[in-house]
Amino acid sequence: MTIPKSIKYILLVIAVIASAIIIILFYNLNYKMYPLKADQSLYSQNIWEINIDSLSKKLLSQMSLEEKIDQMYGEKMYKSIPKFFGNFLLKQRFAHIYVGRNERLNIPPWVLSDGPRGARVLDKNISSVTTFPVAMARAASWNTELEYNVHDVISKEMRANKTNYAATPCINLLRHPGWGRAQETYGEDQWLLGKFGVAAVKGIEKNNVMACPKHFALNSIENSRWVLNVSLDERTLHEVYLPHFKKVIQDGKPASIMSAYNKIRGEYSGSNKELLTDILREDWGFKGFVSTDWMYGVYDGIKAIKAGLNVEMPWQDEYSYNIIREAISTNIIEEKEIDSLVITSLRTRLKYAFAYDSIDYNHKLILDKSHIDLARAVAEESMVLIKNKNILPFSKDKNLKIGVIGKLANTENTGDLGSSNSTPPYVITPYQGIKNYHKNKNNEVILDDGDNINSSIELAKKLDQVILVVGYTFEDEGEYVMSRGQMLKSAEANELVGIKGIGGDRIRLNLSDYDEKLINEISKVNKNLVVVYVGGSAIDMSKWEKNVPSILFSWYSGMEGGNALAKILYGDVNPSGKLPFTIAANPNDYPYFNPYTDSIYYGYYHGYSLFEKYNKEIAYPFGHGLSYSDFKYKNLEIKDISPEKKYIELSLDIKNNSQIEGKEIIQLYVGFENSNIDRPKKLLKGFKKVLLKPNEIKKINFEIEIDDLKYYDSSSKEWILEDITYKVLLGESSDNSKLLTSDFKIQF
Ligand code: BGC
C-alpha cells in the first residue's frame with residue numbers, strides 16, 4: 001500500500017515537531033547550571049575584599065544598552081518558559097532561572113528559590129529538603145529566635161541547592177481568615193508580622209542569600225490577585241498595611257523586595273511610583289532592588305521604569321529591548337534612568353556573589369539531623385491549645401485503646417502545593433506520631449480514616465482516648481493558579497466563572513460538613529476527646545465548639561508534625577503557642593471579603609482592633625493559647641519615661657504557679673482610648689516568650705519606643721505624638737479581662 005503524499009507530509013511535520021519537543025524538553029530538563037559566586041581565579045585579591053561599589057560602576061560603564069537591559073529580567077522567554085513549565089509539569093520541580101548572567105563581563109547570575117517552609121528549587125540529584133511547619137504556625141510560636149534559626153536552615157539548604165535569592169518571607173497582613181495564602185504569612189497583627197519578618201530576613205541573609213520579603217503591598221486576597229484594585233485611605237495604608245514592611249526594610253535590611261500583583265488605588269504595584277520610590281526608597285531609605293511577582297507582575301514597562309522597578313520576573317516581557325530602546329530614542333526615558341535601576345541591583349547582588357562564605361554549602365548540609373530536630377522543635381512550640389476542660393495531657397497508662405480518627409489522621413499534609421511547597425523525605429502524620437509515641441508502651445493505637453461515620457462512632461464508644469483530626473489540605477486553601485481571563489470574568493460576574501481549581505481563598509470558614517458531623521457525633525459517645533485542627537488560619541467552630549472538651553490547633557506542622565503532636569497530647573511537651581489572629585464568634589464580623597471582585601476597599605479596622613472597636617463578640621482572642629502550667633502576673637510597674645531616651649521602661653513579675661515547667665508569651669499592648677482622634681482601643685507593641693520552672697518567678701522588662709505611639713497624620717504626612725494619657729496593658733492574651741494595666745503620659 002502506498003501512503004499518499006499529503007499524509008507523508010503530515011507525518012513528517014509531526015515527526016519534526018515531536019523531535020523538536022523532545023530535544024527542547026531533554027535540553028530543559030537537563031538544563032545547564034552556572035556558579036553563583038564570583039570566580040576567584042579571575043581576581044588577584046580575595047573576592048570579598050573587592051570594593052563592590054566601584055566594581056559595579058566599572059561594569060556598568062562597560063555595558064551596552066542591551067547588556068544593561070539583560071540585568072533587568074529573569075531569562076529570555078524562549079529559554080525560561082520550556083525550562084520552567086517542562087520541569088514543573090514533568091518533574092514536579094521548580095527550575096533554576098538565571099538572572100543577570102553576563103559571560104563577557106564575568107558577572108555571575110542570581111537564582112530565586114521560594115521557600116516559606118523549606119527550599120523550593122532543588123539541585124540535580126536532590127529530591128528532598130527539611131520541611132518546617134508553615135509560617136502561620138511559626139507565628140503562633142511567637143518565638144522570633146526560632147524563626148531566625150528556621151531561616152538559617154532554609155537558606156543553608158537553598159545555597160546547597162545552588163540558589164541565592166529567597167522569595168520569602170511573606171509579610172502580607174491577614175485581613176480576613178479566608179485568604180488562601182494565610183498559611184504563608186504571620187497573622188493579623190502588624191507588630192508580630194514585622195518582628196517575624198525581621199527575624200526571617202536576618203536568618204536568610206546570614207548565609208549570603210538575598211532575602212526578598214513579599215508581596216509589596218496589600219496582597220491579602222488570592223483568587224483575584226491578578227486583577228484586584230485595593231483602595232484605602234492614607235492613614236490605613238501607613239498605619240495598618242505598611243508598618244511591618246517598613247520595619248522589615250529598616251531593621252532587617254533585605255537585599256530585595258517583591259512587588260505584589262494587585263493594584264493599589266488604581267495603579268499596579270509593579271509600576272506604582274508612590275509605593276516603589278516615594279515610600280520605599282525616599283521615606284524608608286531602601287537601598288536594595290525591587291523584583292516583580294511572577295508572570296503578571298508588570299503591564300507597562302516604561303511606567304515601571306519610572307516607578308523604580310528594577311527586575312521583571314521570571315522572564316523578559318515588558319522590559320524588552322524594543323520597548324526600552326524606543327522609549328529612549330523618543331525621549332520618553334533617558335538611558336541614565338536605566339543606569340540607575342541597573343546599578344542598584346548590580347551593587348546589591350554582587351555583594352552576595354563576592355561575599356565571604358564561612359561554610360561550604362554542599363549537599364551534605366541538607367536534612368542534617370539538627371535541621372530535622374529544629375523542624376520538630378518548631379512544630380512543638382507552634383501548636384496552640386485552644387480549649388482544655390481537664391482532658392489534656394492524656395494519661396500514659398498501659399493497656400489503653402487510643403483512636404486516631406478522621407480523613408486527615410494519616411494524611412501527609414504539609415500545606416499548599418504552590419510556590420510555598422517544600423518536598424520532605426517523609427512526613428510524620430498524626431497517626432504515625434501517636435503510634436511512634438506508644439511504641440513499647442503496651443497501648444493499642446487504632447487508625448480510622450473516618451470513611452464510614454457509623455463505624456467511627458462504634459469505634460469511639462470502645463476507646464479510652466479519641467484524637468479527631470480535622471481540617472484542610474492544599475485542595476481547600478492555598479495559592480490559586482488560573483488564567484487571568486478567568487479572574488477577570490469572575491470579577492465581572494462577582495462569582496466564580498469556570499472551574500474552581502485547587503487551593504485559593506476559603507469562602508466558607510467552617511470545616512467540611514463531614515468533619516463537623518464527625519466531631520458532633522463522636523463527642524456524644526466519648527468525652528475523652530481532643531479535636532486536632534490542621535489548617536492555616538481561623539475557622540468557624542460555632543457548630544461544634546461547645547460540644548467538645550478540648551481543641552488543639554496543630555496547623556500544617558511540617559515533616560515532624562506527628563511526633564510533635566504526640567508529645568503535646570501526652571504532656572512531654574507543654575503547649576506554648578498562641579493565636580496570631582482573632583477567631584470571631586460570627587464569621588460575618590470579619591472585614592468584608594470577596595475573592596471574586598476587581599475592586600475592594602480596605603478599612604482602617606481589622607483583627608482585634610475591629611472586634612474591640614465595635615464590641616463584637618469573639619470566640620477566641622488574638623494571642624490566646626493555653627498551657628499545662630498556670631501563670632500569674634503581678635506588679636506591673638512603669639519604671640521610667642524618658643523622652644530623651646526615646647522609650648518607656650516597664651517591668652512585671654510572672655510566676656509559674658504550677659508544678660509543670662512551661663513557656664509563656666507575655667504580650668504588651670498600648671491603649672489609645674483617650675485619643676482626640678479615632679484610634680484603636682489598643683495595639684500590640686511588644687511580646688516576650690519566657691521559660692519558667694515550677695513555682696519560678698521572673699521579673700520581665702519591656703521597653704516601648706515613643707515613636708511607636710505615634711499616629712500618621714494624612715494632611716501633614718507626619719507621624720504625630722499625641723499629648724494624652726496612654727494605657728499599657730500586659731498579660732497573656734488580648735483579652736482585656738486578663739491584662740494588667742497602668743497609665744502613663746509623656747512629658748513634652
Ligand atoms: C507567587 C510568589 C512566588 C512566585 C515565584 C508567584 O505566583 O505569588 O509568592 O514567589 O510565584 O514562585
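On a 1 Å grid over the protein atoms alone, a cavity is a set of points where a 1.4 Å probe fits but cannot get out, and lining residues have an atom within 4 Å of a point. A volume is the space filled by probe spheres set on the points, which are joined across faces, edges and corners. Ala, Val, Leu, Ile, Met, Phe, Trp, Tyr, Cys and Pro count as nonpolar, Asp, Glu, Lys and Arg as charged, and the others, Gly among them, as polar.

The whole structure has three cavities of 30 Å³ or more. The largest cavity holds about 120 Å³. Its lining numbers 17 residues, and Asn413, Ile428, Pro430, Val534 and Ser557 lie nearest the centre. Helix H19 (residues 561–569) gives the largest share, three residues. Eight lining residues are nonpolar, eight polar and one charged.

## Basis of the model

Residues are numbered from 1 along each chain as its sequence is written, and side-chain values use heavy atoms, with hydrogens and water left out. The model is predicted: local features need pLDDT of at least 70, side-chain atom pairs count only at pLDDT 80 or more, and totals for chains, interfaces and linings use all residues.

## The largest pocket

The largest pocket contains about 1300 Å³ of space. Of its 47 lining residues, Trp191, Lys195, Lys247, Lys685 and Asp708 are closest to the centre. A pocket is an open set of grid points with protein on both sides within 12 Å along at least five of seven lines. The lining divides into 18 nonpolar, nine polar and 20 charged residues.

Several elements each supply at least two lining residues, among them helix H6 (144–160), helix H7 (190–205), helix H9 (243–252) and strand S25 (697–705). Helices (H or I, at least four residues) and strands (E, at least two) are DSSP runs, numbered from the N terminus. Strand S24 gives the most, with nine residues.

## Strand S24

S24 spans residues 682–692, and eight of its eleven residues are buried. Buried means under 20% relative accessible area, exposed over 50%, partly exposed in between (1.4 Å probe, protein chains only). Strand S23 (residues 662–671) pairs with S24 in the antiparallel sense over ten bridges. Pairing requires at least two DSSP bridges between the strands. Gly671 stands opposite Lys682 in S24.

## The second largest pocket

This pocket holds about 790 Å³. It is lined by 33 residues, and Phe88, Phe94, Gly418, Glu479 and Val481 lie nearest its centre. Helix H4 (residues 77–91) provides the largest share of the lining, three residues. The classes are 17 nonpolar, eight polar and eight charged.

## Ligand site

Thirteen residues surround the ligand; Asp114, Arg181, His215, Asp293 and Glu479 are the closest. A residue counts as near if one of its heavy atoms lies within 4 Å. Glu479 is also among the residues nearest the centre of the second largest pocket.

For Tyr261 the distance is 3.0 Å. For an N or O atom in the side chain of Arg225, it is 3.1 Å. A polar contact is a pair of N or O atoms within 3.5 Å; within protein, one must be able to donate a hydrogen and the other to accept it, and residues adjacent in sequence count only if both atoms are side-chain atoms.
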